[in-house]
Amino acid sequence: MDRLQQFRVFVRVADMASFIHAANALELPRATVSAAIHDLETELGARLLHRTTRRVTLTSDGAALLARVRPLLAEADAIALQFRPAAGGVAGRLCVDVPSRIARKLIVPALPEWLPRHPALELRLGSTDRDIDLVREGVDAVVRVGALADSSLVVHRLGELELINCASPAYLREHGVPEATGDLAHGHLVIGYAAPGDGRAQPWEYRAGGTDRALAIASRVTVNNAENYIACCRAGLGLIQIPRFDVAHLLDSGQLVQVLAGFPPAPMPIAVLYPHRRQRSARLDEFVAWFTRLIQPHLNARGK
């Protein structure tokens, strides 16, 4: 293994604090990763990592080396990209994690047009809303919707997704069409949505006169994922609040109907998050730019 590749292995082990996780991320045998670190330490004459049965940490020499090799590897990647034919696009493995509905409705349908522009790019697309350790799990970036918890991640804000209220025609025939929020207290039902993180059902929210407000409305069904949320609405079990892009096809076909257009929920912020690095990879820059263009038509006008 050449010195540059040894450096890449060292950086991945240091970032993930684990030989096993680094080996999995690099798709190398654990023995190869261990041998690369051993050879590097031998050649440099310095111990770079403290190893215990539970974790791997940097020594002072390891921390100094890490600071030096990060920009070196970034520059090596940039040089390789510079002399690659322009039509070849970016290269390497890119791991991103996005909410499942955004993956299914927006990203996956657009991949047949985007991926051929980058034949040397390998995309690993995960779908989850859970908090993940990007460095430890080898994820380059995540797309998240809603309020963000404080973290050390870099936040690239894209804008706000427009949310709407809607119901099925069958529900509206049975319960009537609400014309104002006051109508919701009289015989209407909502589909409860419990966030996967805390399991608490979210209140019915709306914005009026520039103020965000919430109502407690009866619900007979509570779900914890978007697929079931929409399915229950289509089945006539209650009203829902949902990003417009997520149900646009159902609105167009008449399977769902927008209601209370004058009392929409506050739009939800959407952002790309990634670990703080001195220089982002070209492939991450390309993904962020592409996804920004992809999401733009679905942002609230005030969030664009």
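**Briefing: fold, surface and selected sites**

Buried residues, meaning those under 20% relative accessible area with a 1.4 Å probe and protein chains only, make up 41% of the 304 residues in the protein. The model is predicted: local features need pLDDT of at least 70, side-chain atom pairs count only at pLDDT 80 or more, and totals for chains, interfaces and linings use all residues. Residues are numbered from 1 along each chain as its sequence is written, and side-chain values use heavy atoms, with hydrogens and water left out.

**Overall architecture**

- The protein has ten helices and 14 strands, assigned as DSSP runs (helices H or I, at least four residues; strands E, at least two) and numbered from the N terminus.
- Taken along the principal axes, the box filled by the C-alpha atoms is roughly 75 × 45 × 35 Å.
- Of the contacts (heavy atoms within 4.5 Å) between residues at least 6 apart in sequence, 74% join residues at least 24 apart.

**Surface and charge**

- The accessible surface, computed by the Shrake-Rupley method with a 1.4 Å probe, comes to about 16000 Å², and 52% of this belongs to carbon and sulfur atoms.
- There are 35 positive and 31 negative charges, and their mean positions are 2 Å apart.
- Lys and Arg count as positive and Asp and Glu as negative, while His and the chain ends are not counted; each charge is placed at NZ of Lys, CZ of Arg, CG of Asp or CD of Glu.

**The site of His188**

- His188 lies in the loop between helix H7 (169-175) and strand E8 (191-193), and with a relative accessible area of 6% His188 is buried.
- The side chains of His188 and Tyr171 are joined by a polar contact of 2.8 Å; such a contact is a pair of N or O atoms within 3.5 Å, where within protein one must be able to donate a hydrogen and the other to accept it, and residues adjacent in sequence count only if both atoms are side-chain atoms.
- Leaving aside residues up to four places away in sequence, His188 touches Tyr171, His175, Gly176, Pro178, Asp183, Ile217, Ala218 and Leu239.

**The E9-E10 hairpin**

- Strands E9 (residues 204-208) and E10 (residues 211-215) pair in the antiparallel sense over five bridges, where pairing requires that DSSP finds at least two bridges.
- Two residues lie between E9 and E10 in this hairpin, and Gly209 in the turn has a positive phi of about 60 degrees.
- Tyr206 has Arg213 in E10 as its bridge partner.

**The site of Ala91**

- Ala91 is located in the loop between helix H4 (60-82) and strand E3 (92-98), and counts as buried at 18% relative accessibility.
- Ala91 and Leu121 are 30 residues apart along the chain, yet their C-alpha atoms are separated by 4.3 Å.

Terms used. Buried < 20%, exposed > 50% of the residue type's maximum accessible area, 1.4 Å probe, protein only.
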